[in-house]
Amino acid sequence: MHNVAKRLLPPGSAALAALLLAGSTAALAQEDTLTIYNGQHKDATLALIDGFEDKTGISVETRNGSSNELAHQIVEEGDRSPADIIYTEESTPLIMLAEKGLLATIDDSALANIPQEYQGDNGEWVGLLARSRVVVYNKDQIDEESLPSSVKDFADPEWDGRFAFVKTSGAFQKQLSAMIKLDGREAAKAWLEGLKNNGKVYRNNVAAMNAVERGEIPAALINNYYWDAKAREEGAENLDTRLYFFGTNDLGDLVTVSGAAILASSENRQAAQKFMTYATGEEGQQILTDESAQYPLNPDVDSKGLKPFSELTPPNGTLDLGEYSNGDAAIELLQEVGLL
């Protein structure tokens, strides 16, 4: 292209040719730089980006924040958004952006890598990773057989002072949203009041998990990957804790999905599509699960020691929570019972 531009110039226009060459090079460089609004864990996202940059030569910049904040920022920015891709911790913000018509359709080369149930209805977003809600318990303080058959049982008085939860966890709040949808607001409120009376609140999942490991409290409600990452690092045999899955389509086994989408306003659509294909492909998916201990959604990727994804039994009807997807009802309920 550069040589063609130079041939079309009249003699003696070498300086102008140099300017055109510099301009076209700059334009190409701009085209080959992607901006990702990232609401997922930074280390895993950066590892994915490193692999993509090495493979394609396309540069990637990130802006990190909470998934909901980044999604609402995109709404405010509209067509002026500098973002090409948004990568969120849960699917809810992506569903919201799709409903507002702010997302582009993802190429089949990426969508074909992931089961259809973990995609937007019209291919506007695609799931990359999943994690399960679980109970982490101290095996020296409690037998697995003594754990309840449902997460709802933690509201019973017999569990007073024997478990922990994280009221500000997005996944916990989604668990509450799912309960509102499936069982109704009053049942969810009663459960939440029981947790408030019986449970100990920790600031985050890692703090709750470590408290169980130290024997401060017998059990806690967390996401699987916090413990699985610790087990990979230290060896499961060296830990005093284990994971418990209810295994009965219980809300305690709720699965939440992280996903990504291309903005309709992106001026780097071709590079963005390449990123999505890489992130859903075997190489990208292996990087993500290796770094985060979350479940890859590409079925051909090895989850390396995690409980097989095919054996998880999340409750039906909870991938899309419909009117409860934005979490407002859960927040209102947490405030009503005095937890927020």
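Which residues are buried in H4? Ser 67, Leu 70, Ala 71, Ile 74 and Glu 77. Buried means under 20% relative accessible area, exposed over 50%, with a 1.4 Å probe and protein chains only.

Some ground rules. This is a predicted model, where local features need pLDDT of at least 70 and side-chain atom pairs count only at pLDDT 80 or more, while totals for chains, interfaces and linings use all residues. Residues are numbered from 1 along each chain as its sequence is written, and side-chain values use heavy atoms, leaving out hydrogens and water. Helices are DSSP runs of H or I, at least four residues; strands are E, at least two; both are numbered from the N terminus.

Back to H4. Turned away from the buried side are the exposed residues Glu 69 and Glu 76. The cover over the buried residues includes strands S1 (33–38), S2 (59–64) and S3 (85–88), plus H5. Just after H4, Gly 78 has a positive phi of about 60°.

Now the lining of the largest pocket. H4 (67–77) supplies at least two residues to it, and so does each of H5 (92–99), H7 (170–183), H9 (205–214), H10 (224–234) and H13 (328–336). H7 gives the most, with 5 residues.

Terms used
Contact means heavy atoms within 4.5 Å.
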